[in-house]
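Reader: I am new to structures with two chains, and I would like to learn how to read the place where they meet. Could you take me through it step by step?

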Amino acid sequence: MKILRFIEANFERYILAAILFSLVTILAAQVVARYLLGSPLVWSEELARYLLVWCTFIGVSLAVREGRNISVDLLPTLIGPRSMKAFAMVALVGSAIFFALMVWYSVPLTRRIARIGQTSPGLGIQMWTVYAAVPVGLGLALLRALQVIVTVLRGGNLPGTPVEEREALDPIEM
Amino acid sequence: MYAIFALIFFLLVMAITVPVAFSLGFAALLPGWMGAPTNPGQMVRSVVTALDSFPLLAVPLFILAGEIMTQGGLARRLFSFADAVFGRFKGGLAMSSVAACLLFGAISGSSPATVAAIGSMAVPLLVSRGYDLRFSTALITAAGTLGVIVPPSIPMIIYGMAAQVSVGALFIGGIIPAIVIGGLLMAYAHVYGRKHHANITSDAGSVSVARAFKTSFWALVAPIFVLGGIYAGAFTPTEAAAIACVYGAFVSMVIFRELGLRDMMGVLVNTALTIAPILIIAGTGAALGRVLTLLQVPAAIGAFVGGAIDERLVLLLLVNLILLGVGMVMETLSAIIVLTPILLPVLAPYGVDPLHFGMIMVVNLAIGFATPPVGVNIYVASGITKLSVIQICRGLVVPIALLLVGLVFVTYVPALTLWLPSLNR
């Protein structure tokens, strides 16, 4: 149980930290290879781009858990802080529907690319492994959205917004 | 027709607080559901293709660099250097705060991050020396816009991607406009200092410029190295961002010893949480932009405007008003991605350079960071100082007016933007 809880809290974190660290290392290596070793790398740019794709979609999942995706809260600000929770639920359900649609649409696309066997020009990576970031990342995000919805329905707190910020959005102050 | 539905749908879904990125995605899918010749597989492909971009890689890396340099004590040293230079003038500390935003903007590409980094240091200090809290908070809220006007700049990278313009050239083009706008805000701080100098104490002269230069040397090298390297063509903006990360990590861990390995893990995760929401907006926004282009929206608007307006100055004024309005209510990056492919083809026949237009757009949307109702800087500043949003807005009237003056310069004096990049060609 302890292990499961650790994975629940940290799974995306470690992947993302590792990807970001690799991005910096790869690109720094690219500059070093070009200037100090005099032989430019051919694979670095491509690998970095594909890592960025994965980083984005896994990051969306963590952002759902932490309530960090960017939304425009003009309406709840106008209506009042009590509407905040209702809007948050609408936003979560809307996000969940979007994730489900994207998983639904991206699986056939990924399979088609795998069937054609398209590979990347520099490294010869199977391109479906890049496109697989969409169903994997957003599938994870879907689970995270459902997790937050269930938590909130059971009376738990919304992720993100600390108490002070909610006060700052008080409608009288606008 | 499909396009109008898509845009209305986007605004509706966004209004009920569904995250901007997914609202853009829904809008990109809608025409396909309604029978337009676009399909969902193509939409997924557009999102991935947009993210699979080398210039875009600069976004996460510059954010990471900014985070490392803030946590590692480089931001603090930039501020103390600025104070050593400008502290001697009336209103000196307020002028230094603006200058610190300029300097920090040169290692960070984000406006709210600039407010957070400089504001949390400068505002308490300003207040302790007798400056009005509302003035101090509003000044930093406005000066934070310099974070995206001074290169490197996340909005410039996104614009470069949307407009197919060199990000390096955009960065270089931003230098003079940033100095002009920073100068206006510093002049305001000086005038305020003269007017209220009876209440303000100062410790000018306590640290000499030479001494401050010595202690903050490693922090000052960062922006020079990054911008100099891009300007000289030694590396691309993306490579510069990676080098800034390595440099920042080295200086804060080895030279300043303010950051340990354990802190680094926190910095990486924190950065990932900041960048993923931004990048996914870039992806789904590009997908919507592509759908709108397929539906020939830019051509339709171009024909409409071309028939109605024949004067370049008037057209630029109109574009500014649209962008200011959009900047006040819309999220910046999605605004850039959706509007660039629509507006750029409209302006091109009037001889507006894409670089110049990019600068106009960035300044407009930067002002949107500091204006209600959707001004992130205001909320960040309010979080730091516990001052209510409406109080900050009252204090913002003059600083925003000055930003608008800067915008007029940038719009009607193209040379401010185009002169430096033209030297490099």
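Author: We begin with buried area, which is the accessible area that two parts lose on being put together, summed over both. In this predicted model, chain B and chain A bury about 5,400 Å² between them, with 78% of it on carbon and sulfur atoms.

Reader: Which residues of chain B lose the most area to chain A?

Author: They are T17(B), F22(B) and L273(B), which together account for 12% of what the side of chain B buries. The contact as a whole takes 65 residues from chain B and 59 residues from chain A.

Reader: How many salt bridges are counted between chain B and chain A?

Author: A salt bridge pairs a side-chain nitrogen of Lys or Arg with a carboxyl oxygen of Asp or Glu within 4 Å. The count here is two, and E239(B) forms a salt bridge with R34(A), where the closest N and O atoms are 2.8 Å apart.

Reader: Which helix gives the most to the side of chain B that touches chain A?

Author: That helix is α15(B), with 16 residues. By class, this side of chain B has 46 nonpolar, 14 polar and five charged residues.

Definitions and conventions:
Residues numbered from 1 in each chain as written. Chains lettered and ligands numbered in written order. Predicted model: local features only at pLDDT ≥ 70, side-chain atom pairs only at ≥ 80, totals over all residues. Heavy atoms only, no water. Contact = heavy atoms within 4.5 Å. Buried area = accessible area lost by both parts, 1.4 Å probe. Helix = DSSP H or I, 4+ residues; strand = E, 2+ residues; numbered from the N terminus. Nonpolar A, V, L, I, M, F, W, Y, C, P; charged D, E, K, R; others polar.
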